[in-house]
Amino acid sequence: MAMYRIAIGSPAEAAQPDAIRAAFAEFFSMIIFVFVGEGSGMAYSKLTDNGPATPTGLILASLSHAFGLFVAVSVGAVHSGGHVNPAVTFGAFIGGNITLLRSILYWIAQLLGSVVACILLKSATGGMETSGFSLSPGVSVWNALIFEVVMTFGLVYTVYATAVDPKKGNVGIVAPIAIGLIVGANILVGGAFDGASMNPAVSFGPAVVTWQWTHHWVYWAGPFIGAAIAAIIYDNIFIGDDGHEPLSSSDF
């Protein structure tokens, strides 16, 4: 079972140069992703004079997040695996592909990157508010939780199939674009209901800058649950005990 492969790691790991480089890679990739994704929403609000949400706005959000994540994953892949998402890191940890201590480094870097991106956006736009994640009218927290679980399941399943699976072969070449596309597609599905986060760090940055925490737990619980389910299912059905190699300093 995947749960038996969970590794804690050594405290000395945090001081290893490759671990520090990986954390910086996650930090900068997150800045790129959040600046593009969140910034496109702010640009749309400016162009429409803070008008109501429209199908066009949803499509633009989908495209900007898909393109931004494609780039963010690509530029971070060689150094950190290009997680750009605490839920992806959690899924990799559950599957025994990264140690807990390295995961913590990634989580800190990802959260800081999101906050910095939102601060930069607020400064660059002359004080415009970054758009925090919230539930649409008529959507309960349990509706939103289901959305976040299922959407993040699809995301992390895609990550495993295209980037983690040792049998991926040439499919690994398309991993960044596949990951970007599943996020963009999920936004088209869930964006109108709960914003379609799938990424606790993406929700965290705007929440810190605006200090709005209503239903924030949904955007952590849903992605982490979905990531864990995807990791356990993919790891046990498609990778199995024979497909794993010992973790190294350059683990995913």
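Axes here are lines fitted to C-alpha atoms, for helices over the stretch in contact, and angles run from 0 to 180 degrees between N-to-C directions. On that basis, helix 3 (residues 86-94) and helix 4 pack at an angle of about 175°, with their axes 9 Å apart. This is a predicted model, in which local features need pLDDT of at least 70 and side-chain atom pairs count only at pLDDT 80 or more, while totals for chains, interfaces and linings use all residues. Residues are numbered from 1 along each chain as its sequence is written, and side-chain values use heavy atoms, with hydrogens and water left out. Helices (H or I, at least four residues) and strands (E, at least two) are DSSP runs, numbered from the N terminus.

**Helix 3 against helix 4**

- Helix 3 and helix 4 are therefore roughly antiparallel to each other; angles over 145 degrees get that label, under 35 roughly parallel, 65 to 115 roughly perpendicular, and the rest oblique.
- On the helix 3 side the contact (heavy atoms within 4.5 Å) is made by Pro-86, Thr-89, Phe-90 and Phe-93. Helix 4 contributes Leu-100, Ser-103, Tyr-106, Trp-107 and Gln-110.
- By class, this contact of helix 3 with helix 4 has six nonpolar, three polar and no charged residues. Ala, Val, Leu, Ile, Met, Phe, Trp, Tyr, Cys and Pro count as nonpolar, Asp, Glu, Lys and Arg as charged, and the others, Gly among them, as polar.

**Burial of helix 3**

- Helix 3 is mostly covered, with nine of its nine residues buried. Buried means under 20% relative accessible area, exposed over 50%, and partly exposed in between (1.4 Å probe, protein chains only).
- The buried residues of helix 3 include Ala-87, Val-88, Gly-91, Ala-92 and Ile-94.
- Among the elements that cover the buried residues of helix 3 are helix 4, helix 5 (141-164), helix 7 (200-210) and helix 8.

**Aromatic pairs**

- The structure holds 17 aromatic pairs. Rings of Phe, Tyr and Trp (its six-membered ring) pair if their centres lie within 6.5 Å; planes under 30 degrees apart count as stacked, over 60 as edge-to-face and the rest as tilted.
- Phe-90 and Phe-224 form a stacked pair, at 4.6 Å centre to centre and 25° between the planes. This pair links distant parts of the chain, since Phe-90 lies in helix 3 and Phe-224 in helix 8 (residues 218-239), 134 residues apart.
- Phe-90 counts as buried at 18% relative accessibility, and Phe-224 counts as buried at 18%.
- Trp-211 and Trp-213 form an edge-to-face pair, at 5.2 Å centre to centre and 90° between the planes.
- Trp-211 is exposed, with a relative accessible area of 60%, whereas Trp-213 counts as partly exposed at 31% relative accessibility.
- Ring pairs link Phe-90, Phe-93, Trp-107, Phe-204, Trp-211, Trp-213, Trp-220 and Phe-224 into a cluster.

**Helix 4**

- The 25 residues of helix 4 (residues 100-124) should span 36 Å at 1.5 Å a residue, and its end C-alpha atoms are 36 Å apart, which agrees. The expected span is 1.5 Å times one less than the number of residues.
- Just after helix 4, Gly-126 takes a positive phi of about 75°.
- Val-116 is placed in helix 4 and counts as partly exposed at 29% relative accessibility.
- Leaving aside its neighbours within four places in sequence, Val-116 is in contact with Phe-27 and Ile-31.
- The C-alpha atoms of Val-116 and Pro-206 are separated by 9.9 Å, and the two residues are 90 apart along the chain.

**Helix 8**

- The 22 residues of helix 8 should span 32 Å at 1.5 Å a residue; its end C-alpha atoms are 30 Å apart, which agrees.
- Gly-240, whose phi is positive, near 75°, follows helix 8.
- Phe-238 is placed in helix 8 and counts as partly exposed at 38% relative accessibility.
- Leaving aside neighbours within four places in sequence, Phe-238 is in contact with Tyr-157, Asp-165, Lys-167 and Ile-233.

**Positive phi outside glycine**

- Asn-50 has a positive phi of about 60° although it is not a glycine. Asn-50 sits in the loop between helix 1 (17-47) and helix 2 (55-80) and is exposed, with a relative accessible area of 61%.
- Val-84, a residue other than glycine, has a positive phi near 55°. Val-84 sits in the loop between helix 2 and helix 3 and counts as buried at 0% relative accessibility.
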